[in-house]
Amino acid sequence: MESISVFEIIKVGIGPSSSHTMGPWNAASAFIRILNRERSVAEVKEVFLEFFGSLAKTGIGHGTDIAGMLGLNGEDFKTIDTTKIDEIVDRIKETQIINLGGEKEIPFVYGHHLVLNMSETLDYHPNGMIFKAIFEDGTELVQDFYSVGGGFIMSQEKKSIDKHCVRTLYPCHHGSDILKYCEKLNLNKISDLILMNEESWRTQEQTRKEALYIWEQIKECIYKGVNKEGILPGGLNVTRRAAGINRKLLGDKIYKNKEEWFKLVVDAEENFTNINKWISCFALAVNEENASFGRIITAPTNGASGVIPAVLMYSQAFTDAISEDDIARFILVAGEIGTLFKKNATISAAMGGCQAEVGVSSAMAAAGLTEILGGSVGQVLMAAEIAMEHHLGLTCDPIKGLVQIPCIERNTMGAIKAITAANIALESDPAKAKVTLDEVIQTMWETALSMNDRFKETSEGGLAIAVNVPEC
């Protein structure tokens with residue numbers, strides 16, 4: 001089994017969905033690379049993109065079509081000016097021209113060259129798409145892709161993705177592996193084990209630097225979110241709430257930048273109600289940014305991107321674990337727990353419902369928090385198990401296919417459950433636990449397989465049809 005770096009699980013992304021926005025965007029970019037590898041973009045006459053299954057059924061709400069066009073246009077979601085997205089997409093639609101790979105302008109008619117096929121699902125995975133290029137000489141190149149969660153993509157033949165198989169020094173594919181190696185190496189901290197394994201990709205110093213970069217991006221995202229008022233895009237007319245909560249909690253206090261704001265949060269009155277509201281505010285801020293095509297931290301998905309930021313921000317504002325080392329250890333442990341779910345179950349809501357997104361994120365956050373609050377190796381794994389145990393069966397039923405209702409509020413719940421799970425684990429003896437993390441991961445996967453497709457990000461069941469929302 002291939003090893004996965006924690007920074008493939010926790011990474012810079014763009015809203016509103018890792019599987020429905022980032023995945024198709026990555027696939028379009030990969031297709032451009034394939035074209036240049038097999039022939040040349042300069043030889044392409046036309047390009048076609050067809051989305052199937054969940055990608056089609058909730059594609060408009062998730063911006064799947066937008067992501068496909070931007071990826072084909074040669075844009076990079078890590079660097080694009082997010083305020084220019086609408087302008088670029090409108091230009092493609094109005095001119096009916098796309099700049100393929102940023103290299104060659106060719107005709108591109110929305111609805112003809114890009115199609116959302118809502119009546120068909122590809123067998124390999126519900127998040128399927130097919131790209132086709134027609135060259136000037138009449139020959140064709142066709143490639144399938146599948147967005148398997150967290151922005152990860154693959155083809156049915158598994159031959160089209162640019163990746164190199166990595167095997168770490170101490171491969172941890174299950175929770176039992178983490179326990180085994182920590183005991184063998186006499187390590188009291190899971191993060192020490194992960195730090196050694198991450199050397200398969202970069203030095204320990206580079207790993208710490210990347211973790212702190214992630215933290216800075218988290219703070220930036222939260223700060224943007226708590227300072228934006230208004231209505232979220234998409235037609236549901238959902239009002240942003242983070243800014244109002246932030247304003248009410250800080251009263252008349254004034255700040256000019258995120259550093260001054262963060263200090264005010266740290267110095268704010270600490271009681272259970274206020275802290276609870278701050279946690280919700282942090283999560284809402286991130287997910288409101290996500291819903292607006294903002295740049296966020298995918299952890300492990302976009303739909304669940306508010307949980308880990310909320311819990312990590314809570315740890316920095318309201319606990320004693322406030323060093324840069326604590327931040328790095330939190331992110332390393334959280335990311336490693338995410339890899340266990342990625343390898344042994346799923347982090348795709350289209351495969352497993354929201355338990356695979358908010359549930360996994362809550363488990364990751366619980367483990368990270370327990371690590372920096374002094375938990376033992378067993379307690380860290382126990383915290384992740386507890387958090388997931390209480391998300392089992394959680395469906396994905398977004399109203400109108402938008403990552404808004406109930407997605408945004410679910411992140412606040414996931415954050416609170418993570419903190420509760422950490423606190424329970426810290427007061428418990430893991431030796432007496434009746435359920436292991438590996439067992440709950442297996443149970444989550446079995447639950448995912450048994451879940452009706454109507455509750456797997458299709459907007460064909462649950463709240464998505466129970467709530468009558470007129471078309472806008």
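Tutor: Buried means under 20% relative accessible area, exposed over 50%, and partly exposed in between, with a 1.4 Å probe and protein chains only. This is a predicted model, in which local features need pLDDT of at least 70 and side-chain atom pairs count only at pLDDT 80 or more, while totals for chains, interfaces and linings use all residues. Residues are numbered from 1 along each chain as its sequence is written, and side-chain values use heavy atoms, with hydrogens and water left out.

Student: Which residues of helix 8 are buried?

Tutor: They are I190, S191, L193, I194, L195 and N197. Helices (H or I, at least four residues) and strands (E, at least two) are DSSP runs numbered from the N terminus.

Student: What makes helix 8 mostly covered?

Tutor: Six of the eight residues in helix 8 (residues 190-197) are buried.

Student: Why is N117 called buried?

Tutor: N117 has a relative accessible area of 12%, and the limit is under 20%, so N117 counts as buried.

Student: What makes the pair N117 and E50 a polar contact?

Tutor: Their side chains come to 2.9 Å, and a polar contact is a pair of N or O atoms within 3.5 Å; within protein, one must be able to donate a hydrogen and the other to accept it, and residues adjacent in sequence count only if both atoms are side-chain atoms.

Student: Why is helix 17 called roughly parallel to helix 19?

Tutor: Helix 17 (residues 377-389) and helix 19 (residues 437-450) pack at about 25°, with axes 9 Å apart. Angles under 35 degrees count as roughly parallel, over 145 as roughly antiparallel, 65 to 115 as roughly perpendicular and the rest as oblique, so helix 17 is roughly parallel to helix 19.

Note on methods
Axes fitted to C-alpha atoms, helices over the stretch in contact; angles between N-to-C directions.
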